[in-house]
Amino acid sequence: MKVKLIPFIFLLLIANALSAATISGYVSRAGSGEPLQYVNMQIVENQSGMQTNKKGYYVINIPEPGSYTLKANLISYESFSQRIQIQHKEEDIFLNITLSESYVELGTIRVSATAEEEVREIRPSYIHTSTEDIKSVVSPIEADVFRAILALPGVAPISDFSSGLYVRGGSPDQNLILLDDIDVYNPSHFGGVFSTFNTDAVENIDLIKGAYPAKYGGRLSSVLDVTNRQGNRDHHEGIARWSLISSSGTLEGPWHIGKIRGSYMASLRRTYLELIKAVYDELPDYYFYDGHAKINWDFSSRDKLSTSAYFGRDRLRFDFGSMLKIDWGNRTFSTEWVHIFNPRLFSQFVIAASDYTSNFDQVSDEDVLLMRRMNGIEDITNKAMLSYCPNNRHELDFGWEMKFNRTWLKMESTGYQIEESSLPDVDVWAHTGSLYFQDNWDMDEFWTLQPGFRLLWHNSLKANLKHLRKANYLSPDPRISIRRKLDISESVYAAYGLYHQYLTLLAADISTPFDMWFPIDASIRPGNSQHFLVGYKNQFNQDFALDFELYYKDYQNLLELKPSTNYEWDNDTGELQDVFYVGSGFSYGADILLRTNWQGLEGFVGLTLSKTKRKLPEANLNPYTGEGEAYYPAYDRSVALNIIQNFNISQYLGQRILGSEMKIGLNFALNSGQPAQKPERIYFDGDDFDIIYSYKDRDRLPAYCRLDISTKYQWFTRWGYIEPYIEVINLLNRKNVGFRNYSVEMNDAGSLSLKQRDSSQFPILPFFGVNVKW
Amino acid sequence: MVKHIAILVFSLLLVAACSDYHSAPRFEGEVYSVAGLLISGHSIDLEHPLYITKSANISEFDPLNLFVTEAELKIFELDTGKSWELEHVIDFSQMRVKWIDPQRNIIQPGYRYRMELRIPRLTEIISAETTVPPPAELNPDYYGNGSAGANPTLDEASMGEVAFKDADYRFPIALNTFDKAGTFNFIAEIYCLEEFSTNLEFTTPVMGITHAPAEMESGYYASGESMRRIMIQARFASAFSAEHDSNYLLLRDYRQAYIFFGRYRVSAYLCDQNYYRYKYMPEGYLHGGIKNGLGYFGSASGGAMYVRIVKGEEEE
């Protein structure tokens, strides 16, 4: 351990030895005071600069006294420029800046729309999306965070009915999903149709599809970092939405007590299928609700405190002879202290908690409990993220994370005489700690090197099942990226990272509320993955920008739930190795993202070419050798094309409908068919003729194609605007195949025939609703 | 230079991505399968036969041609060293070829049996072994609630009528395991004896649908688990019943498995690991204990009862 800390301490000492004047401060949005991320900050005279961080903070070192010009630029915002006089080398100037939007635009897509020239940090596989971007993607019923993410290259949907994210060959449990820096587990409503995040409450989302930096860890595939809005620091405002099945409301504004100022944001959403049930009584009794809240205290220019909370719950009652009562949901709570020790040392300290629980009760007509199943995970996390900027060539990121998890699964049966030991009763506690360090080093005007390192350790703390062997793992995860600038807005880069995962999800092929997270025990090695990628970026002009990446991900100790678990579990002897197949896999491909802002067409075209394979020793069995054969999993997509475009008719063509500003949105998705089994032989099972199937990937379902459109009409008033909208999902009413069933049937003549039936995905679906902002 | 390399790599990937990625066929030539469930206390007879089928491709659909008749099928009672050959009979009424034991040797509970199948032209012997569970007997009226014509019966011809709401609490699936208590692999099958018709009425309407829609017909007759055939399986515990002075395995809440009103066969078995895995595993034919072939060779103890599920007074 000591040996590993030496380079870290050495670099800090070197960094401390350097001295210069600084200009630092926060950049915020005019009219709301909310922080602006990734604003390009530059000293014109020496071309030194950086981008604001996620909190809107910047610091630029100025080695010599003199007169300088500070410029701030962000697409869609008016440029800022100010002369700065530096008197001496030790001078620290703190300058907060506000930027005004260059025009009012709701439907703008700005996916990672930043010119490359001033960015110090290398951000491979990185896509930044704002809440406006999310709302611009046409989604069933209402805008949805995951649906918007699914349109991006490198992210594969499994079906229309699921918002599970399969990022570059990784399964949903291999994505680290953070909401204000705390993990969110099983983040979906309505069996995966909606994500848990209300778009009105979300400030922005950072998706990192691979080779993610040392700041993050604990998952094999990707990071989805969601930040809640801070709320308007300037004035109170709100937005309300009504759609066919749900409504939501968001309020935000400033507050102050004495000299302490801050802001708040609160958002609530609820479905009301009950109203439809009042008309049509046979529907299941179902609803979900969720809420986000955030409150910020600006104690001083050096200290900010924020507290954020999220809660969401789904409830389902279904009578099928006996009554099923099911509910599930997440809660998170996070408190963050942002402190500036000195202009060069920026810090964030987080204490957070998160839980996910799901409950299932089967109750008889006589109200006798027949079966109960409860599972959940609790997470208490403390983390620190510090950034030290000793000079304009180095930016050192370092910090720690301590995470305590408790997970449980308990089943009880009073109505059934099921053997007690076969009903899981597992309650385990675990700890995962990590330290990280990363240097963003501009070696010269062309080359940037970003070495990083994350050290993780994982221990089982206690378990109710005494025979479970305690895990104790230490994993050093190196990360490195390098970039060569080819021109002012053109660069190539390469990145590598090693990743370990200690939490695993017990889930079948399709995600359900009953999916369970468990920390690994000593019977299973932690999963690990290596990411390799090379990329090319070019901001051709203001109209077009291109991101192109080639990637390869290798997965070892992949875990997949054994079907036998539900039938053969034994509390007295069971370990995780009895529950999972352990295998390996890989994924490689190319992602191309062409961003457009041309002739009023704003959006992007994404293309993915990829290949994903898995090999599990006991799955997809070769009948002759008894060994598992490698296969393309259901989320393998050879080709995926997405076109997301928005066009403001009023702004670009001058056309108005009844005085409203009219916008149209278009989503087009074309994916190659997903792998599937097909019948190869037939046999008699003692009662009927049945099918013997091929390997999991012998066939491919037909290609998936869907066109969605939306139109929005925006009437501006003195107090805000009214925005009715109409959406049509699957405008072409294409019968996209979700699943293909086969059966052997005997006809009247006594001969057998093979029947094929396809289950369709979304048919043509019109939606309408109204948004009101004041 | 970089652009040219990128374009080249991208072009290669594009060409590769447009290829149709899928695996090779899983099976070669003829594939043999066995379906055999030895029932404790019974011989391998016309009611409980073994079936052997072969299939060379998916379009080979003549039912009688699928059944194997040219084979040597032998059963070994490993605990006693006894063995006997099975012979095939053609059941024209059911269009099936059944392999039965002409000597009518009784399958003994707790005994271990081995099956060996030799097929001309096939070099490997297809084989499997099973251990028969302890004896079990289905009690159709555990609580003694029934009366003539108003309770499930072991005899199909005399099945009684039971109201849906009472079907499980008054008449649980009760397997008498005699002197054996403890944990067993338990499988119950609730099988609707009615032929498909749009007059079939749901016991619990789903989304307002009260009768079976016509498009359900193929699914109704589909092999494996279906609306017609509901399976329940788990590791159940048999416990002592003072009332009956015996050990019983009870399933009290199962009436949801009566999807439609009508006649039912309710089978309940303790079964061995081969049959248990065959039933619950996806592609169970790979997990039924057969070496060099597919299907299952298992054993079970238990029986079947018959009942007609009708509307109760409240449901009328």
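Modeller: Keep in mind that this is a predicted model. In chain B, the domain assignment gives domain 1 (31-131) and domain 2 (137-283 + 300-310).

Colleague: How many Å separate the centres of domain 1 and domain 2 of chain B?
Modeller: Taken over C-alpha atoms, the centres are 27 Å apart. Seven residues from domain 1 of chain B and five residues from domain 2 of chain B make up the contact.

Colleague: And which elements on the domain 1 side give two or more residues?
Modeller: Those are strand 1 (31-39) and strand 7 (126-131) of chain B. Strand 7 of chain B has the largest share, with three residues.

Colleague: What sort of residues are they, nonpolar, polar or charged?
Modeller: On the side of domain 1 of chain B that touches domain 2, four are nonpolar, three are polar and none is charged.

Colleague: Now helix 4 of chain B. Why is it described as largely enclosed?
Modeller: Helix 4 (residues 273-280) of chain B has eight residues and six of them are buried, so the rest of the structure largely encloses it. The buried ones are Asn274(B), Tyr275(B), Tyr276(B), Arg277(B), Tyr278(B) and Lys279(B).

Colleague: What covers those buried residues?
Modeller: The cover includes strand 1 and strand 7 of chain B, along with strand 11 (182-192), strand 14 (229-241), strand 16 (262-271) and strand 17 (294-310) of chain B.

Colleague: Switching to the two chains together, how many residues are in contact?
Modeller: There are 60 residues of chain B in contact with 62 residues of chain A. On the chain B side, the elements giving two or more residues include helix 1 (2-17), strand 2 (50-55), helix 2 (63-66) and strand 12 (201-206) of chain B. Helix 1 of chain B gives the largest share, seven residues.

Colleague: How does that side divide by residue type?
Modeller: The side of chain B that touches chain A has 37 nonpolar, 15 polar and eight charged residues.

Colleague: Last topic: what is the strand order in the open sheet of five strands in chain A?
Modeller: The order is 9-16-17-12-13, and the pairing is mixed. Strand 9 (126-130) and strand 13 (182-183) of chain A are the edge strands, each pairing on one side only.

Colleague: Do strands 12 and 17 of chain A run parallel or antiparallel, and over how many bridges?
Modeller: Strand 12 (residues 175-179) and strand 17 (residues 222-228) of chain A pair in the parallel sense, over five bridges. Ile177(A) stands opposite Leu224(A) in strand 17 of chain A.

How values were computed
Residues numbered from 1 in each chain as written. Chains lettered and ligands numbered in written order. Predicted model: local features only at pLDDT ≥ 70, side-chain atom pairs only at ≥ 80, totals over all residues. Domains from an automatic or database assignment. Helix = DSSP H or I, 4+ residues; strand = E, 2+ residues; numbered from the N terminus. Nonpolar A, V, L, I, M, F, W, Y, C, P; charged D, E, K, R; others polar. Pairing = 2+ DSSP bridges. Buried ≥ 20, exposed ≤ 12 C-beta atoms within 10 Å, placed from the backbone.
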